[in-house]
Each structure stands twice: as C-alpha cells, then as structure tokens.
Amino acid sequence: MILMRTQGPLIKLEGLSTSRTFCNLYLIFEYMEHDLIGLASRPGIKFIESQVKCYMHQLLSGLDNCHSHGVLHRDIKGSNLLIDNNGILKIVDFGLASFYDPHNSVSLTSRVVTLWYRPPELLLGASHYGVAVDLWSTGCILGELYSGRPILPGKTEVEQLQKIFKLCGSPSEEYWRNLHLRHATVMKPPQPYRRCVAETFKELPAPAMKLMETFLSTDPSNRRTTSFALKSEV
C-alpha cells in the first residue's frame with residue numbers, strides 16, 4: 001500500500017475501521033460529492049474554460065506532489081478524480097500506484113492504466129517508464145474536459161493503439177528501434193499516420209492546445225513534467 005502525507009489535491013485518509021466478524025479492514029476517506037465522469041455526464045453540464053483551468057491545475061498539483069515523492073499513480077481517469085460542491089478536486093484510488101526512481105530504473109508491469117487513458121508505450125509492452133505515463137492520461141483528461149467525451153475510447157488494446165496513432169501520428173522509425181518494445185513487431189501500423197491533434201481540437205484555447213500537444217506525444221520523453229505544465233496558462 002502506498003501511504004503519503006496528504007497535501008493539496010490528494011484524498012485525505014481520515015481513519016481506519018475493522019470488522020471482527022469478517023476480518024476486514026476499511027479505509028475511511030474525506031467525503032466528496034462527485035466524480036469527474038459523473039459530473040460531466042449530467043444533462044446540460046459543459047465546463048467553461050475557467051473551470052477546466054481550475055480542475056487541471058489541481059490535478060497537476062496533485063500529480064506533482066506524487067512525482068516529487070517518487071510515486072506514479074498509474075490510473076489517472078475521470079472516475080478517480082473526485083470533486084466537492086466547492087469545486088475542490090482530489091485524486092483517489094492508489095491501488096495501482098508504484099514507487100519509482102528516475103535514477104535507477106527497475107522493471108515495472110505494463111498492465112496498468114485504464115485502457116482509454118493508457119499511453120502507447122504501455123500498450124506496446126514497455127516495462128521501464130516514469131512520470132510520462134501519468135502525463136499521457138492527464139492529456140486525455142484535458143481533451144475530455146473540453147470535448148465532453150472520452151477522446152480515445154478503444155475496445156481492445158489493438159484498437160486503442162490504432163486510435164492513438166490516427167490522432168497522434170505514427171512514431172518515428174527511431175522510436176521503434178530505440179525502445180525495444182515487446183509487442184512492436186505485431187502492433188506496428190502497416191501504414192504511417194499523420195498527426196492531427198491540432199486539427200481535431202482546433203476549438204481549444206491556445207494554451208490548452210499547446211499542453212495537449214505536449215502530453216499526447218507518442219514519445220514519452222517529449223511529455224515533459226508536471227512542474228513544466230504548471231507553469232503554462234491552462
């Protein structure tokens with residue numbers, strides 16, 4: 001279990017409770033009225049730019065706290081982002097979280113992150129990765145907040161990867177050579193795709209589009225960091 005000192009947009013553990021009958025342990029967290037998916041799916045709900053900026057800043061601040069403590073969340077998605085009636089956002093569900101050391105890479109499982117928010121390197125079987133996996137998911141959330149729907153809703157891993165390449169473009173040949181990914185041979189697209197993120201999300205404000213372009217890079221090294229993103233205007 002990952003236990004961290006709660007700071008800012010991370011859900012606070014209020015206490016523990018046990019059941020003598022069933023020998024169960026219950027975690028008691030602070031109460032939040034909504035999750036992002038439930039709130040966004042309500043009829044007539046469409047987030048305005050100031051709301052998106054507020055939610056994204058809180059999400060990035062929470063992730064920055066995680067990453068600065070050497071923790072990857074590995075399952076950022078709308079249902080794991082809770083919001084109260086005052087617009088305060090909290091990151092929850094650290095069941096797939098893992099410690100990592102950027103200076104001492106160890107092998108990690110690629111079977112993490114809910115499919116629609118999973119970056120291409122994990123779909124291709126990468127076992128050495130870092131904060132870029134959370135940043136890809138954050139880019140998917142950013143697009144979802146503005147468009148009102150999931151931006152990459154694949155049904156299978158193969159379809160998910162195809163949707164990613166159709167939106168974000170095919171990786172370069174150097175990408176395929178350097179990463180040595182297990183599933184690269186069978187999942188490499190038969191024809192190259194042109195990147196069309198800017199065209200697809202042309203209605204986004206310029207700062208949000210710039211951040212989308214950064215987070216939705218097929219090359220994880222180009223996704224930068226949470227601290228970089230927090231300096232943007234989005």
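Visitor: Why is S137 called buried?

Guide: In this predicted model, where local features need pLDDT of at least 70 and side-chain atom pairs count only at pLDDT 80 or more, S137 has a relative accessibility of 1%; buried means under 20% relative accessible area, exposed over 50% and partly exposed in between, with a 1.4 Å probe and protein chains only, so S137 counts as buried. Residues are numbered from 1 along each chain as its sequence is written, and side-chain values use heavy atoms, with hydrogens and water left out.

Visitor: What does S137 touch, not counting residues up to four places away in sequence?

Guide: With contact meaning heavy atoms within 4.5 Å, S137 touches I76, V113 and Y117.

Visitor: What makes P119 buried?

Guide: P119 has a relative accessible area of 0%, so P119 is buried. Leaving out residues up to four places away in sequence, P119 touches V113, V133, W136 and R223.

Visitor: Why is α2 called roughly antiparallel to α4?

Guide: Helix α2 (residues 49-68) and helix α4 (residues 132-147) pack at an angle of about 170°, with their axes 10 Å apart. Because angles under 35 degrees count as roughly parallel, over 145 as roughly antiparallel, 65 to 115 as roughly perpendicular and the rest as oblique, α2 is roughly antiparallel to α4.

Visitor: Which residues of α4 make the contact with α2?

Guide: On the α4 side they are D134, T138, I141, L142, L145 and Y146, while α2 contributes residues including E49, V52 and Y55.

Technical notes. Axes fitted to C-alpha atoms, helices over the stretch in contact; angles between N-to-C directions. Helix = DSSP H or I, 4+ residues; strand = E, 2+ residues; numbered from the N terminus.
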